[in-house]
Amino acid sequence: MPTKVYIAPRVEILAQSGIESIPTEYVRLVEERQDLGDALEEVKKQIASGVPQIPVVDLKGFDSDDHETKMACVDSVKKAAEEWGVMHIANHGIPEDLLDKVREVGKKFFDQPIVQKEQYANDQASGKIQGYGSKLANNASGQLEWEDYFFHLIYPVDKTDLSIWPKDPSDYIEVTKQFAEHLRTVVSKMLSILSVGLELEEGKLEREIGGKEDLLMQLKINYYPKCPQPDLALGVEAHTDISSLSFILHNGVPGLQVYKENRWITAPCIPDTMIVHIGDTLEILSNGKYKSILHRGLVNKEKVRISWAIFCEPPREKVVLRPLEELVTDETPAKFTPRTFQEHIERKLFKKKQAEEAAAAAAAQAANGHKPNITN
């Protein structure tokens with residue numbers, strides 16, 4: 001008998017139904033609730049209490065003819081990548097009016113009736129991951145995330161499938177294409193800066209992860225409806241990104257939280273910046289010098305949050321990920337074994353499944369009055 005796959009209802013429908021409490025499958029486990037709360041309130045509390053904030057770096061200096069100015073930019077990005085694994089980038093070079101158009105066409109798509117958006121529905125069970133979707137209950141606890149999304153490849157152009165891109169609004173395709181072209185330039189600049197930060201030639205990291213021809217840029221527009229119980233739900237559960245770099249544009253509503261020094265730190269929205277994450281791929285290549293930070297997404301009661309996350313990924317089988325030989329010495333031996341990007345994904349999924357099964361077993365034992373017995 002085939003396994004029945006549970007398809008999540010659209011979270012937007014739940015949010016508009018007038019519910020005062022969220023369904024149990026959206027309620028996070030008690031151990032996930034540290035620093036969990038309404039995103040708007042969490043930002044206010046943390047700023048008021050002087051909690052350390054994600055650094056802001058200015059990329060303009062890297063284009064300077066003055067060596068000291070250029071290296072000051074490199075040092076600030078390097079420090080953020082080593083200590084945080086995430087940063088706000090200013091003066092990235094993407095025109096603000098283009099970013100406004102990206103926000104506009106994304107919002108217009110999600111403002112359409114559900115029935116319109118369902119024309120673009122994906123089918124994760126059959127492997128059709130591009131399109132409009134919601135999280136499947138694919139973890140041991142059956143928990144879901146408080147978000148709907150639209151996911152598709154935006155670069156390289158010759159690898160994109162425009163047939164699954166939204167046709168309404170009518171300028172979605174053109175605006176997204178322009179955004180992809182501009183962002184690809186920023187990707188190269190960030191990789192150059194990070195290469196110099198490792199005392200490598202500027203083009204080293206980009207070549208290692210596929211170059212202009214093969215590095216993929218996947219766009220996921222995350223739509224987080226208002227939530228009646230933000231202290232119990234997560235828009236996106238805690239994870240590190242498998243990518244090399246991840247870029248985040250948002251609609252001015254906070255929600256990102258990063259885990260540092262045993263607490264969750266909520267990122268404020270800083271005008272005229274984008275957020276950049278170091279992903280697992282660069283952590284491996286840098287032999288752990290650059291950090292792939294654990295992060296998650298909060299929701300709130302008052303405002304819809306939309307974020308545009310772009311994941312820069314190497315080709316799955318073509319590139320072998322390993323610490324760069326220039327960074328491996330007797331004093332700093334390799335911290336990671338070689339693997340393709342596909343193998344890295346499979347390892348993460350396997351470890352995640354093991355952890356979830358162990359947690360589910362411990363919870364079941366505790367519910368039955370037994371002391372949990374968990375071994376590593």
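**View 1. Helix α6 is largely enclosed by the rest of the predicted structure, because 19 of its 26 residues are buried.** Buried means under 20% relative accessible area, with a 1.4 Å probe and protein chains only. Helices are DSSP runs of H or I with at least four residues, strands are E runs of at least two, and both are numbered from the N terminus. The model is predicted: local features need pLDDT of at least 70, side-chain atom pairs count only at pLDDT 80 or more, and totals for chains, interfaces and linings use all residues. Residues are numbered from 1 along each chain as its sequence is written, and side-chain values use heavy atoms, leaving out hydrogens and water.

**View 2. α6 from end to end, residues 172-197.** At 1.5 Å a residue, the helix should span 38 Å. Its end C-alpha atoms lie 37 Å apart, which agrees. The expected span is 1.5 Å times one less than the number of residues.

**View 3. E199 follows α6.** The phi of E199 is positive, near 65°.

**View 4. The protein chain around the helix.** The chain has 10 helices and 14 strands. Its radius of gyration is 21 Å, close to the 21 Å of the globule rule for 376 residues, so the chain is as compact as a globular protein of that length. The radius is taken over C-alpha atoms; the rule is 2.2 Å times the number of residues to the power 0.38. Along its principal axes, the C-alpha trace spans about 60 × 55 × 50 Å. Buried residues make up 52% of the 376.

Technical notes:
Buried < 20%, exposed > 50% of the residue type's maximum accessible area, 1.4 Å probe, protein only.
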